[in-house]
Amino acid sequence: MRDCLAYFNAWAQRIGMQDIHIDAAGNFHATRTGTGAKRLIVGSHLDTVPNAGAFDGVLGVVLGMMLAETTAPACALEIVGFSEEEGVRFQRPFIGSTAFVHGLNEEFLSLADSEGITVRDAITAFGLDASAACEPQMQAADAYLEFHIEQGPVLESLGLPIAIVDAIAGQTRATIEFTGHANHAGTTPMNLRHDAFCAAAEWALVAEKTARSEPGLVATVGSVRVSPDAVNIVPGTAILSLDLRHAQDDIRLNAFEKLLNAGRQIAAHRQVAFKATLRVNQKAVPLNTELLSAHANLHRMTSGAGHDAMIVASRIPSAMIFLRSPGGISHHPDENVLPEDVEAALAAGRAFIEKFK
Ligand SMILES: [Zn+2]
């Protein structure tokens, strides 16, 4: 992350940008002054996931910098590279953009990673002032624009390079815990077991079935931790993650209730304990499509993935442009983007920025 910040810092210096700095939450900022009255923020995130590709997040910051470098300076342009968007380390997404827009509260600062290091400790260890991260760093602006790879197969299936995002699906993230009894795999008869993993597996299949029966709903159990995690011991606990998304909040919330009920029923039937801890309950966010109305011919689509734009949209009109993801692949080293699609995104951004004054 330090290398990445240094790279953008050097780029911003080279093209003569102003107010180049890293804020208290580790977000990168650089501003190009404009001749007109309006101020536009263009950003995306600089962090990524384990075993990642090269484009998720950072492409949006690179495109912002390219626009700062190549467009006529009509509007003031602030480029932001957000930190900690993915939620990998602290199990909470959008930490950088939340700090930027709202400031971090005590709950955020106390979130701990798997080694018990809190957000506050991590900010301090990075050489930043955690208490300053409580104050929103965002200055008044007229609009926010974010470029991002689609991370799905839709644009490729339509043969289109870019699209306007009309809304970001809401999402629920929860930790689900089944607790039974760990016991000897050889001496414990099947009918006397309280196998936490089998309960968890049954519940994961209910989550899959629930999502498959509702158009647009996606449910994922992406992490399973079994303990004691040994070949010859009946699992005593199974801790799962749930990620549930839909563009309509009522559909998502009803599905989550249904899954909680299913968990309780499965646990009762198998005589194990069930516990659910809600981690994220993020409403669906409609984005501003008026801003990009000059590009009325562009396809419009809903984003299944969360983006920093959904945090910024709570304060200022925010728009997003998706770039086609070859093979629909993302969060994987094969993640890619086509040079001509980057050109199309730049052209759309350039046309927008040069009229925004
Ligand atoms: Zn991203």
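Helix axes are lines fitted to C-alpha atoms over the stretch in contact, and angles between them run from 0 to 180 degrees between N-to-C directions. In this predicted model, helix H1 (residues 2-14) and helix H2 (residues 58-70) pack at an angle of about 10°, and their axes are 10 Å apart. The protein also holds a zinc ion, coordinated by His-45, Asp-56 and His-148.

**Overall build**
- The protein contains ten helices and 16 strands.
- Its C-alpha trace spans about 75 × 45 × 35 Å along the principal axes.
- For 357 residues, a compact globule would have a radius of gyration near 21 Å, and the 22 Å of the protein agrees with this.
- Of the 357 residues, 49% count as buried.
- When contacts between residues at least 6 apart in sequence are taken, 76% of them join residues at least 24 apart.

**Helices H1 and H2**
- Angles under 35 degrees count as roughly parallel, and the angle here is about 10°; H1 and H2 are therefore roughly parallel to each other.
- On the H1 side, the contact is made by Phe-8, Trp-11 and Ala-12.
- On the H2 side, Val-58, Val-61, Val-62, Met-65, Met-66 and Glu-69 take part.
- By class, this contact of H1 with H2 has eight nonpolar residues, one charged residue and no polar ones.

**Zinc site**
- The donor atoms are NE2 of His-45, OD of Asp-56 and NE2 of His-148, at 2.0 to 2.1 Å from the zinc ion.
- Along the chain, the donors of the zinc ion follow the spacing H-x10-D-x91-H.
- Asp-56 lies in the loop between strand E3 (39-45) and H2, while His-148 lies in strand E5 (residues 143-149), so this pair ties together parts that are 92 residues apart in sequence.
- Asp-56 has a relative accessibility of 4% and therefore counts as buried.
- His-148 also counts as buried, because its relative accessibility is 1%.

**Thr-31**
- Strand E2 (residues 28-32) includes Thr-31.
- Buried means under 20% relative accessible area; Thr-31, at 12% relative accessibility, therefore counts as buried.
- Leaving aside residues up to four places away in sequence, Thr-31 touches Met-17, Gln-18, Asp-19, Arg-39, Leu-77 and Glu-78.

Methods:
Residues are numbered from 1 along each chain as its sequence is written. This is a predicted model: local features need pLDDT of at least 70, side-chain atom pairs count only at pLDDT 80 or more; totals for chains, interfaces and linings use all residues. Side-chain values use heavy atoms; hydrogens and water are left out. Helices (H or I, at least four residues) and strands (E, at least two) are DSSP runs, numbered from the N terminus. Angles under 35 degrees count as roughly parallel, over 145 as roughly antiparallel, 65 to 115 as roughly perpendicular and the rest as oblique. Contact means heavy atoms within 4.5 Å. Ala, Val, Leu, Ile, Met, Phe, Trp, Tyr, Cys and Pro count as nonpolar, Asp, Glu, Lys and Arg as charged, and the others, Gly among them, as polar. Donors are N, O and S atoms within 2.8 Å of the metal (3.2 Å for Na, K and Ca); water is not among the atoms, so sites may look incomplete. Buried means under 20% relative accessible area, exposed over 50%, partly exposed in between (1.4 Å probe, protein chains only). The radius of gyration is taken over C-alpha atoms; the globule rule is 2.2 Å times the number of residues to the power 0.38.
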